[in-house]
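Hi everyone, thanks for coming. I'd like to walk you through one structure today, so please have a look at it with me.

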Amino acid sequence: MSSYEEVVISQLKQMREDNHLLICFQENKVEKLTKELKFLRGSFNALGEKMRKVSEENRIVRQTTKMHHKEIKEEDMDLAFASKDEFQKSAMVLGQQPSELVAPPARDWA
């Protein structure tokens, strides 16, 4: 039969070993989570920067598109007025009043 001391000491040793393993496991887990957190922060920062760049590029494209649209709209309006003037001049040459001729349909600029 084992003595009381052998039983108690062996259990204490086993508990000490288990505690040591548990501490090592948790330290490794904390280290792993810390590395993962650093990686995720880096990825988050990189994606945030990329998103800011893309947003700025999109803003510039929208602004440029609006400017081009406005220029084209102005050119079309100038052409429409020029066409109307030509139409009226042609009517005068033919000896008719512009109201007697059928004008081309007007565009809706809205």
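Let's start with a question: is R59 buried, partly exposed or exposed? R59 counts as partly exposed, with a relative accessibility of 37%. Keep in mind that this is a predicted model.

Now, the overall picture. The protein chain has one helix and zero strands. Of its 110 residues, 3% are buried. The chain exposes about 10,600 Å², and carbon and sulfur atoms supply 60% of that.

Back to R59, which has a partner. Its side chain meets that of E56 in a salt bridge, 2.5 Å from N to O. E56 is partly exposed too, at a relative accessible area of 37%.

E49 is partly exposed, at 35% relative accessibility. Then there is K35 with E31, whose closest N and O atoms are 3.6 Å apart. Here the spacing within helix α1 is four residues, again about one turn. K35 is exposed, with a relative accessible area of 55%, while E31 is partly exposed at 43%.

E71, E74, E75 and D78 form a negative patch. E75, for one, is found in helix α1, which covers residues 4-94.

Key:
Residues numbered from 1 in each chain as written. Predicted model: local features only at pLDDT ≥ 70, side-chain atom pairs only at ≥ 80, totals over all residues. Heavy atoms only, no water. Patch = residues over 30% accessible without salt bridge, like charges linked within 9 Å, V, L, I, M, F, W, Y side chains within 5 Å. Areas by Shrake-Rupley, 256 points an atom, 1.4 Å probe, with all protein chains shown as cover. Salt bridge = Lys/Arg side-chain N within 4 Å of Asp/Glu carboxyl O. Lys, Arg positive; Asp, Glu negative; His and termini not counted. Charge placed at Lys NZ, Arg CZ, Asp CG, Glu CD. Helix = DSSP H or I, 4+ residues; strand = E, 2+ residues; numbered from the N terminus. Buried < 20%, exposed > 50% of the residue type's maximum accessible area, 1.4 Å probe, protein only.
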